[in-house]
Amino acid sequence: MSEGKMLDGKVALVTGAGRGVGAEIAKMMASRGAKVIVNDLGGTADGEGADQIPAMETVKAIRDAGGEAEANFDSVSDFNAAQKMVDQAVDTFGSIDIIVNNAGILRDVIFHKMTEDDWDSVINVHLKGSFNTSRAAATHFREQGSGAFVHMTSTSGLIGNFGQANYAAAKLGIVGLSKSLALDMSRFGVRSNCISPFAWSRMIGTIPMSTPEEKARVEKIKQMTPDKIAVVAAALCADTAHNVTGQVFAVRNNEIFLMSQHRPLRGMQEGAGWTPESIVDHAFPAMAPNFYPLDRSADVFTWDPV
Ligand code: NAD
């Protein structure tokens with residue numbers, strides 16, 4: 001296969017593609033032959049407002065490089081708007097083959113101060129938004145017997161982080177969504193995978209930096225560029241990656257990790273049946289050596305990115 005043609009003939013919808021990780025994914029996929037609907041609402045990092053310029057800039061960059069792209073400025077959290085994004089892909093470029101659920105916002109706040117609006121806005125963009133675009137594409141994927149989903153998850157959900165209960169719940173929900181899509185749609189030749197990216201973007205600029213440890217962590221993240229995520233996203237959508245589905249990959253700079261998934265770790269049986277007391281006295285102490293500490297992402301990814 002000649003380089004630059006890996007995604008030839010494919011049509012991709014990349015959400016949140018006006019900036020950061022999404023913009024690099026859209027440009028990378030276009031460089032590999034895909035025609036791209038560049039969706040971006042263009043709001044602030046916490047989801048307020050709207051601006052058409054970010055999506056238009058990505059479209060211009062793709063066209064300047066000789067690729068094909070059209071902009072879409074709607075919100076992924078609107079079910080009907082997501083349907084129209086997929087319709088736009090089919091009407092403009094003739095099909096839909098790739099969905100990249102990347103659009104995102106943050107409303108970080110310690111849990112006891114989190115408002116209903118903080119919760120709803122983050123869940124609506126990340127989790128509901130990923131459902132909306134996926135559901136719209138699923139009808140086409142089923143009919144054509146092919147399709148690839150890539151969803152952005154986060155180590156904030158996979159591992160943990162302070163002040164991100166809304167975001168962590170949405171991002172782990174996306175892992176469940178992706179696995180379900182992989183299971184339900186494998187009979188139609190459809191694949192679904194998650195990427196947990198580490199990349200410097202304006203979203204990371206909203207991470208609280210009150211302690212020296214947090215400041216040091218952000219300095220490390222600044223070295224990690226979004227284009228490193230884009231190469232993995234493009235690879236996942238290639239027909240030659242036909243056996244890759246239902247997986248979660250973490251990506252930072254030149255490192256790619258296949259992440260573990262939940263499986264039983266330690267079992268305890270009591271033939272006579274457990275009581276609350278015997279669980280406290282026997283089951284929990286026996287399992288305690290295998291308990292996970294209250295790790296945050298940075299406690300697991302302790303070394304500098306390569
Ligand atoms: P970013 O803020 O630079 O880009 C996100 C884009 O999504 C923005 O351009 C924004 O306008 C757009 N957007 C927000 N709400 C939208 C909506 N309702 N409809 C359409 N577009 C909308 O952020 P990023 O760092 O590039 O993040 C991209 C994805 O990667 C997100 O899902 C994020 O949660 C995930 N992620 C990023 C990192 C990282 O290190 N950058 C880490 C973990 C996960």
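The lining of the largest pocket divides into 17 nonpolar, 22 polar and 8 charged residues. This is a predicted model, in which local features need pLDDT of at least 70, side-chain atom pairs count only at pLDDT 80 or more, and totals for chains, interfaces and linings use all residues. Residues are numbered from 1 along each chain as its sequence is written, and side-chain values use heavy atoms, with hydrogens and water left out. The ligand takes up the space of the largest pocket.

**Largest pocket**
- The largest pocket has a volume of about 820 Å³.
- Its lining counts 47 residues, with Asn-102, Gly-104, Ile-105, His-126 and Met-203 nearest the centre.
- Helix 4 gives the most to this lining, with 4 residues.

**Ligand shell**
- The ligand is surrounded by 30 residues (a heavy atom within 4 Å), and the closest are Val-21, Asp-40, Tyr-167, Ala-199 and Ser-201.
- This shell divides into 13 nonpolar, 12 polar and 5 charged residues.
- Helix 1 (20-31), helix 4 (116-144), helix 6 (165-185) and strand 6 (190-198) each supply at least two residues of the shell.

**Atom pairs with the ligand**
- A backbone N or O atom of Asn-102 lies 2.8 Å from a ligand oxygen atom.
- A polar side-chain atom of Arg-202 lies 3.0 Å from an oxygen atom of the ligand.
- Leu-41 places a backbone N or O atom 3.3 Å from a ligand nitrogen atom.

**Second largest pocket**
- The second largest pocket has a volume of about 680 Å³.
- Of its 23 lining residues, Leu-158, Ser-260, Gln-261, His-262 and Tyr-292 are the closest to its centre.
- Helix 6 provides the largest share of this lining, 4 residues.

Terms used. Polar contact = N/O pair within 3.5 Å; in protein donor to acceptor, adjacent residues only side chain to side chain. 1 Å grid on protein atoms, 1.4 Å probe; cavity = no way out; pocket = protein on both sides within 12 Å on 5 of 7 lines; lining within 4 Å. Sits in = over half its atoms within 2 Å of the grid points. Nonpolar A, V, L, I, M, F, W, Y, C, P; charged D, E, K, R; others polar. Points joined across faces, edges and corners; volume = space filled by probe spheres on them.
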